[in-house]
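Okay, thanks for coming, everyone.

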Amino acid sequence: MALDPVPLADSKVTGGFWKPRQDTTRDVSIPATYAQLAGTGRIDAFKLAWRPGRPGVPQPHVFWDSDVAKWVETAAYSLVTKPDPALASQLDALVDSIVAAQQPDGYLNTHFTAVEPHMRFKNLRDWHEIYCFGHLAEAAVAHFQATGKRHFLDTMTRYADLLDKSFGPASEGKIPGYPGHPEAELALVKMYKATGEKIYLALAKFFVDERGQAPFYYETEAQQRGEPPRPPEPLDRVFARREYHQAHAPIVDTEEIVGHAVRAQYLYAGAADVAREANDAELLAALRKIWDNATLKKMYITGGMGARPDGEAFGRDYELPNETAYAETCAAIALCFWAHRMLNIEADARYADVMERALYNGVISGVSLSGDKFFYVNPLAANLHGKRTLERTTWFGCSCCPNNLTRIELSLGQYVYSTCEAAVYVHLFVEGEAKAKIGERSIMIRQKTVYPWEGKVVITLGMERETEFAVKVRMPGWCKSVAIGVNGTEMDAANVPLEKGYMVLSGAWNDGDVIELLFDMPVERVHAHPKVEADSCRVTLQRGPVVYCLEGVDNGPGLDGIVLPQKAKLLPAFEPGLLGGVVTLAGEALRQDSTGWEGALYATHGTRQQRVSVKAVPYFAWGNRTPREEMLVWIRETQ
Ligand code: FUB
Ligand code: ZN
């Protein structure tokens, strides 16, 4: 049975791990990213003032609109959970200027209005035109939901109507194309839900179903632009080009996730929406297979997605190099979007496990603890060999990641709970309070927890009168044992039914009833599948959902010379003054040294090892103390 997420307006984060992060996002990241958008000309681009040679007006880039849209969406989410008159008026002014840039026929895009109006809808493959529509549409829905003001949403419905008139089956005289960078698919479904207008769902379905059908639209489109035909080339090159855009085959015939990692996952998130809303079982079955391939063969332990810098793309199965990993911040975020949709269709905790893995690791590694610096790539080893040095920075030329981070952090509330007729699902352990609908009745559900640092979660229920329903609490995939108490009485966990990874606590609940959970959270040593060559004979450390790494600042240079004996004990300790307050892991290891190797590359003697102390910190917090610090997730292991 499909679930309905408890919406952001009804689910607030009030403390614990996430509240300080959200505060930093509000207080630092929102103003910092606005300043970057303004300073680079992205905000003023909506004035449509660019002309060739006009001084002081930067030329709007094809995906600038999307960066501004994600800021608008973030600001809207922020206002839903915390009123702020100054932010509200800044948002109003920006939204007004976006709305004013709409053309009489409904079109809205700064680049293709000011710079290349004759190229409208002529290169869907490369130019991000419909991608920008998608982000603006998502922003408009969020703005409407946050403020109740309709004008931005109305603007975007006019643009969506134009898309509906323009795109569709060739037999209807329309362009049979689909976006080069998916995003509009999921945005159109949001517009459908916000307006009830079925044509938006139909257009999303068309984009999803048409993708990858022969004849291949992007190739037809290139011919129509008058591009010279490519010289004959090997078939695998042709396929690779199509795969980059997931345009190599229809989704229903796809089993492997390939190509550009963000494109792929935005596409499958949108396709999941379409499958749900249009009741498309064949599409859903395909998405399950692609999901399995993605998460069982191509996902980093951090929830990072996309092994290859070339094409920002997925590699082969089990191709998961560490230091050269791409793992774009947006790709881990996209994984959360996709996971959340699959979770709400299938009510299966394995999707929530992946979402949680990404959230606590490869998503938030993308932003500094100070909130004003970002990673675009999130490798699992860095600065080891001086080849690729890495540190967070304030902005990027292609700056998709910063406002993707801000929007997911400030909308976290909507990922925590879902409901269905007679149950509330607790997916994530986040201190906060929510109002959930159980049939016709509303209940309150509050969590108190310092998760992920401790496994204790206290859930308190609130309601006007006794109500019968089930509280379905996710048993995290990382956890092997849990103690459960209800109103102070310990339950035998073995007798609590487990339904697709959710512990089912049903009964007649009353106001003030308390469920206490104590998830056993030892330090775990995790190994990778033997086919992951990069992690062979290596181990990583995880406690709860948090993946750990070594940093040079704690362990000295040459991290790859550290070898962890299988029996080495690693003790967790909460360090309130470190990295904003984190649990660190400390223990003894060995360190190889090069004594005796002077002047030799190969030798018959062994390598000397010394006993050393090691300390591991949460992966997400690496790189926050000293610039370009060494970092290593997968540590050499010995018996
Ligand atoms: O192309 C727009 C965004 O820039 C993509 O989502 C990212 O991967 C980066 O290429
Ligand atoms: Zn990005």
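Let me start with a question: by class, how many nonpolar, polar and charged residues does the shell around ligand 1 have? There are 5 nonpolar, 3 polar and 2 charged residues in that shell. For the classes, Ala, Val, Leu, Ile, Met, Phe, Trp, Tyr, Cys and Pro count as nonpolar, Asp, Glu, Lys and Arg as charged, and the others, Gly among them, as polar.

Quick housekeeping. This is a predicted model, where local features need pLDDT of at least 70, side-chain atom pairs count only at pLDDT 80 or more, and totals for chains, interfaces and linings use all residues. Residues are numbered from 1 along each chain as its sequence is written, chains are lettered from A and ligands numbered from 1 in the order in which they are written, and side-chain values use heavy atoms, with hydrogens and water left out.

Back to the ligand. The residues around ligand 1 are His128, Tyr131, His181, His260, Val262, Glu312, Glu328, Tyr376, Cys398 and Cys400; being near here means that a heavy atom of the residue lies within 4 Å. Now the polar contacts, meaning a pair of N or O atoms within 3.5 Å (within protein, one must be able to donate a hydrogen and the other to accept it, and residues adjacent in sequence count only if both atoms are side-chain atoms). The side chain of His128 has an N or O atom 2.6 Å from an oxygen of ligand 1. For the side chain of His181, the distance to a ligand 1 oxygen is 2.7 Å. Glu328 also puts a polar side-chain atom 2.6 Å from an oxygen of ligand 1. On its own, ligand 1 has 270 Å² of accessible area, and the protein covers 95% of that; the areas come from the Shrake-Rupley method with a 1.4 Å probe, and for residues only the protein chains shown count as cover.

So where does ligand 1 lie in relation to the domains? It lies between domain 1 (32-211) and domain 2 (224-415), because both of them give residues to its shell. Besides those two, the protein has domain 3 (417-519) and domain 4 (523-638), with bounds from an automatic or database domain assignment. The C-alpha centres of domain 1 and domain 3 are 39 Å apart.

Next, aromatics. Rings of Phe, Tyr and Trp (its six-membered ring) pair if their centres lie within 6.5 Å; planes under 30 degrees apart are stacked, over 60 edge-to-face, and the rest tilted. That gives 31 aromatic pairs. Take Phe121 and Phe167: the centres are 5.0 Å apart and the planes are at 70°, so this pair is edge-to-face. Phe121 is in the loop between α4 (110-115) and α5 (129-147), and Phe167 is in the loop between α6 (151-166) and α7 (184-195), 46 residues apart. Helices (H or I, at least four residues) and strands (E, at least two) are DSSP runs, numbered from the N terminus. Phe121 is buried at 10% relative accessible area, and Phe167 is buried at 2%. Buried means under 20%, exposed over 50%, and partly exposed in between (1.4 Å probe, protein chains only).

Another pair, Phe469 with Trp509, is tilted, at 6.3 Å between centres and 45° between planes. Phe469 lies in strand β9 (residues 467-474) and Trp509 in strand β13 (residues 502-509), so the pair ties together parts 40 residues apart in sequence. Phe469 is buried at 3%, and Trp509 is buried at 5%. There's also an aromatic cluster that includes Phe17, Trp18, Tyr360 and Tyr451.

Last, the backbone. Tyr451, from that cluster, is joined to Pro452 by a cis peptide bond, with omega about 15°. Pro452 sits in the loop between β7 (441-449) and β8 (456-462). Ala214 to Pro215 is cis too, with omega near -5°, and Pro215 is in the loop between α8 (198-210) and α9 (217-224).

Which way does phi go at Asn487, positive or negative? Phi there is positive, near 50°, and Asn487 isn't a glycine. Asn487 is in the loop between β10 (482-486) and β11 (489-491) and is partly exposed at 43%. Leu579 has a positive phi of about 50°, but Leu579 is buried at 11%.
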